[in-house]
Amino acid sequence: MRVPLSWLREYVDLPATETGRDVQAKLVAVGLEVETVEHIGAGLKGPLVVGQVLTIEELEGFKKPIRFCTVDVGSANGTGEPQEIVCGARNFAVGDKVVVVLPGAVLPGDFAIAARKTYGRTSHGMICSTDELGMGDDGTHGIIVLSPEHEVGTDAIELLQLVDEVLDIAVTPDRGYCLSMRGVARETAIAYGLPLRDPALLDVPAPNAFGYPVKVADPFGCDRFTARTVVGLDPEARSPIWMQRRLQKAGMRPISLTVDITNYVMLELGQPLHAYDRTRIDGPIGVRRAQQGEKLTTLDGTARVLDAEDLVITDNRGPIGLAGVMGGANTEIADTQNGGSTTEVVIEAAHFDAISIARTARRHKLSSEASKRFERGADPQAAAAAAQRTVDLLVLLAGGTAEAGVTEVAAPSAPRTIAMPADHPDRVAGVAYGRETVVRRLQQVGCDVYGQDELLVTVPSWRPDLSEPNDLAEEVIRLEGYENLPSTLPTPPSGRGLTDRQRLHRRVGRALAGAGYVEALNYPFIGDSVLDQLGFDADDARRRTVKLVNPLSDEEPALRTTLLPGLLGALRRNDGRGSHDLALFETGLVFRPTGEETAAVRLPVDHRPGDEQIAGLNAALPHQPRRAAVVLAGAREQAGWWGKGRPVGWADSIEAARAIAREAGVELTVRNDQHAPWHPGRCAALFVTANDAEVLVGHAGELHPGVIKELHLPERTCAMEIDLDLLEQAVDGALQAPRISTFPVATQDVALIVAQDVPAADVEQALREGAGELLESLRLFDVFTGEQIGEGRKSLAYALRFRAPDRTLTVDEATAARDAAVALAAERTGAVLRGA
């Protein structure tokens, strides 16, 4: 809600010295979120005056039409002589009153005006448009043409109200009443302790039988409908400047007098209105639910197919408006600019069910100023006052005559009352406010309060959000000042900290960050298209997804079953922005339905659910393992004076998995595998041992070239994904710190020749078992293939480190352990010592 400060002062007598920043601070203190204060006309400097066009000369020989004009600006130029101005606009004629800026002035944007030669003539100033003055859109996109009554030489800065401050307020759903000047003025009056001039306090005639006929078939959807009729309107009447400027400052475009008045009253009172051309209405106005498949063309020119839950306004022909959202084109007010001449209007001021309007607006993807107010709860008691205010303005500004008939259809209703102990706000806030303060604050927001120790509070009609004692307590607390609440931090019980699971997740993040990876946080949503691009088979478990009822995007309606889509998308975006050497990681949940989930139960909101209800809800949830994943592209090591760089390779993704496993205190076993979306010859399956059995915990390697092409990724992109929950389950007791031996290490290197298809992991496992307890570590440091060792064979070179905890090993002991390791490797894998 954009609130011009000059308009706000009409309802609250703010001190003359108060600026927009001062008002912002006061409103923030009472709980309104004032995002910005815009200084309209900042830097604007005159002379800026009203002028009258005397002559227009069309200049020839240029690519676009150019006019040389003389304009009477009175004595504003100091000489009284006509001002010579070159102008390219064509929406004005001789005799028109226009806005002229003279040399020496400065327009918004620090645009200084001076006499200058252009198109062969000297232009002494400018004839201004709304854009040049920072006024906003008026629909003309041309020169401002004023009505004839304005005198030549009048100061246009004051006339057009070009200097003002506008508060931009982010109105939360529970404060719908603040989508109006009336609501914001009430909050301002409370904040300053000043009286409010309520614009809704009008003399409204009683309803009678002579008004325009209205039939409400759905009193739940429309509990109040007021109709007033005004005839004899002047079709040539234009909105006055003050009204146009207030609409523009509030963010709305002036259209025509009748429409501008309904928009103005909506901004003033918060009650949306609609004006119908009476000559285009066929019979009584009705309110009902739409018939499934009915069609309506709304004011935006869109033909809409209606749903049976839509609330519509009708006449004898069918729907003429989408209730509370937008009117229909077949009863639109026609203005003279569009070739029309509406002289008789029926004013609708109704109150509609908030939920119905919200659902209709979302169903048709049609958010309007009216729907925003209705779905947040408009004041039902303001309808009659808004209709009267509209009638008064039409009579005043358009020369109309209000007919005596007043229609008001209202469903029976009673004021809402809430019983509350007088000390309830004290107990909620932990502050002793006292009964007098509680009653005074509730009365300030419009409540009627009765009783002593037990208060009976009647809630005002414009506050549908007040429904229970806690809501009333919140009103007292916010008006007394949130900043005045004492801050008391609870004392945590000793001996409690992070769980083992939480510590592991934090260590994993720190380890990856320390290895040069950057964390990327992605939305947990995916679509079927990315699963196709990743090359998942039709029966792949990762294709079984949990669909969202109300997704943020129709293209991503499901919860992720793998972390890779989000990470690869982040890698692609960064690569496209020039960052080509990338290493990203993410830890988070994936959602893997098992098919055994039950239907979700709807939990109560007015009390704590029972244990059985919570258990039923948990049974409906899919399996949600926590995973870690990395993606890499570009250079893993940069080139420099120290030597050549190194591009990312599949081994880097495996090393990332090993780093994570080390943080968990488990050891990975790596084997060749084929698994989408990885390259079939460069994919590693990652295993850990849990309960004496190998468990698959993830995959790593280089992505398939087809996947890289489909997702537009850099060449040779690598990735790894690992299940942290399974890693945690493989941990055998508390993580043990390594023992540092005081005895020296004995190193033995062996090179074994095996068949090409023998996995290095099998050779490594055999060496470990054969070496026995003296083996401290084992590392593969070379793989060689060539003619020297024969076709179909490869050489694996290992460094074996032996150490005893209680003595220095002899050469014979280390050699014996090495030979035992080689012997077992030969027995299991057919390995032969190279050179033997």
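These legends describe close-up views of a predicted model. Local features need pLDDT of at least 70, and side-chain atom pairs count only at pLDDT 80 or more, while totals for chains, interfaces and linings use all residues. Residues are numbered from 1 along each chain as its sequence is written, and side-chain values use heavy atoms, with hydrogens and water left out.

**View 1. Strand β23 is enclosed on both faces.**
Helices (H or I, at least four residues) and strands (E, at least two) are DSSP runs, numbered from the N terminus. Buried means under 20% relative accessible area, exposed means over 50%, and partly exposed lies in between (1.4 Å probe, protein chains only). Strand β23 covers residues 345-352. Of its 8 residues, 8 are buried, so the strand is largely enclosed by the rest of the structure. In a regular strand the side chains alternate between the two faces of the sheet. One side of β23 holds V345, I347, A349 and H351. The other holds V346, E348, A350 and F352.

**View 2. β23 pairs with β15 and with β16.**
Two strands pair if DSSP finds at least two bridges between them. Strand β15 (residues 222-231) runs antiparallel to β23, with 8 bridges. Here A227 has E348 as its bridge partner. Strand β16 (residues 274-277) is also antiparallel to β23, with 4 bridges. There Y276 is bridged to V346.

**View 3. The largest nonpolar core has 76 residues.**
A nonpolar core is a set of buried Ala, Val, Leu, Ile, Met, Phe, Trp, Tyr and Cys residues joined through side-chain atoms within 4.5 Å. L8, L27 and L442 touch the most other members. Helix α9 (residues 383-398) gives the most to this core, with 8 residues. Apart from it lies another core, of 31 residues, with A583, V688, M720 and A730 among them. In soluble globular proteins, nonpolar side chains tend to be buried together.

**View 4. Helix α20 packs against strands and a helix.**
Helix α20 has 12 residues (760-771). The expected span of a helix is 1.5 Å times one less than its number of residues. For α20 that gives 16 Å, and its end C-alpha atoms are 16 Å apart, which agrees. Its buried residues include A761, V763, A766 and L767. The buried residues of α20 pack against β35, β39, β40, β41 and α21. After the helix comes G772, with a positive phi near 80°.

**View 5. E586 sits buried in a strand.**
E586 belongs to strand β31 (residues 582-589). With a relative accessible area of 3%, E586 is buried. What does its side chain meet in polar contacts? A polar contact is a pair of N or O atoms within 3.5 Å; within protein, one must be able to donate a hydrogen and the other to accept it, and residues adjacent in sequence count only if both atoms are side-chain atoms. One partner is the side chain of N522, at 2.9 Å. Another is the side chain of R560, at 3.1 Å. Contact means heavy atoms within 4.5 Å. Leaving out residues up to four places away in sequence, E586 also touches others, including L563, L567 and R627.

**View 6. A salt bridge joins R182 and D379.**
A salt bridge is a side-chain nitrogen of Lys or Arg within 4 Å of a carboxyl oxygen of Asp or Glu. The N to O distance here is 3.1 Å. R182 lies in helix α4, and D379 in the loop between α8 and α9, 197 residues apart. R182 is buried, with a relative accessible area of 8%. D379 is also buried, at 8%. The whole structure has 56 salt bridges.

**View 7. A salt bridge joins E58 and R90.**
The closest N and O atoms are 3.1 Å apart. E58 lies in strand β3 and R90 in the loop between β5 and β6, so the pair ties together parts that are 32 residues apart in sequence. E58 is partly exposed, at 34% relative accessible area. R90 is partly exposed too, at 45%.
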